[in-house]
Amino acid sequence: MIPAELLRRIRNDLPMAVTIAALGRDGPPSKIRDDRFTFLCPHCGEMLAYVNPNNNLTHCFACLQNLNNIDLLRMLGHDFRSTVALLEQWLEQYRAQLPRNKTTNSLLINPYYSLRHAATGHHATHPYSTPGETPRARSRRIRRRRKVSG
């Protein structure tokens, strides 16, 4: 029997972007569109499956289907037990990579966290940002560069 708490952690704590990144070429094509993570819906084949970062639930605006990490792997041909075991392994790897507060040993919450960071370890959502750079800091850096060169 698989504990309900484990299923909840897999659904809620493992970002969909991390799951798709871990699948690599076996996973659906994905990208960041309008600062939101989107990927090819396995139900209808449209690039309109958006992940809600608040609850990690994906909704396809073409076929109106919802899915989570477990559903995605099941649709790709994995059986339930192997799906849960694989996602549990990826969740532990993901949690091990997250920065921790040294005084409380709790996970640090970053207000600029984005799904791109979850998938690539890269903080900002823009592909030309430097690691750890906030979108606001990137804008300032670009404005300074324009003043100097122009």
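Let me begin with N69, which sits in helix α3, spanning residues 69–75; helices (H or I, at least four residues) and strands (E, at least two) are DSSP runs numbered from the N terminus. The model is a predicted one, in which local features need pLDDT of at least 70 and side-chain atom pairs count only at pLDDT 80 or more, while totals for chains, interfaces and linings use all residues. Residues are numbered from 1 along each chain as its sequence is written, and side-chain values use heavy atoms, with hydrogens and water left out.

Is N69 buried or exposed? N69 has a relative accessibility of 0% and counts as buried; buried means under 20% relative accessible area, exposed over 50%, and partly exposed in between, with a 1.4 Å probe and protein chains only. The side chain of N69 reaches the backbone oxygen of I10 at 3.0 Å. A polar contact of 3.1 Å also joins the side chains of N69 and T19. By polar contact I mean a pair of N or O atoms within 3.5 Å; within protein, one must be able to donate a hydrogen and the other to accept it, and residues adjacent in sequence count only if both atoms are side-chain atoms. Beyond its neighbours within four places in sequence, N69 is in contact (heavy atoms within 4.5 Å) with residues including R11, L14, P15, M16, N56 and L87.

I10 leads us to helix α1, residues 4–13, whose buried residues are L6, L7 and I10. Viewed down the axis of α1, these buried residues fall within an arc of 100 degrees, so they line one face of the helix; the arc is that of the directions from the helix axis to the C-beta atoms. Among the elements covering the buried residues of α1 are α3 and α4 (80–97).

Next, M47, which is found in the loop between β2 (36–39) and β3 (49–52). M47 and K31 lie 16 residues apart in sequence, and their C-alpha atoms are 9.2 Å apart in space. Setting aside residues up to four places away in sequence, M47 touches P29, S30, K31, R33, T38, F39 and L40.

Finally, the cysteines. How many disulfides does the structure hold? There are zero, a disulfide being a pair of cysteine sulfur atoms within 2.5 Å. For C41, the nearest cysteine sulfur is that of C60, 3.7 Å away. For C44, the nearest is again that of C60, at 3.6 Å. C41 is buried, with a relative accessible area of 2%, whereas C44 is partly exposed at 33%.
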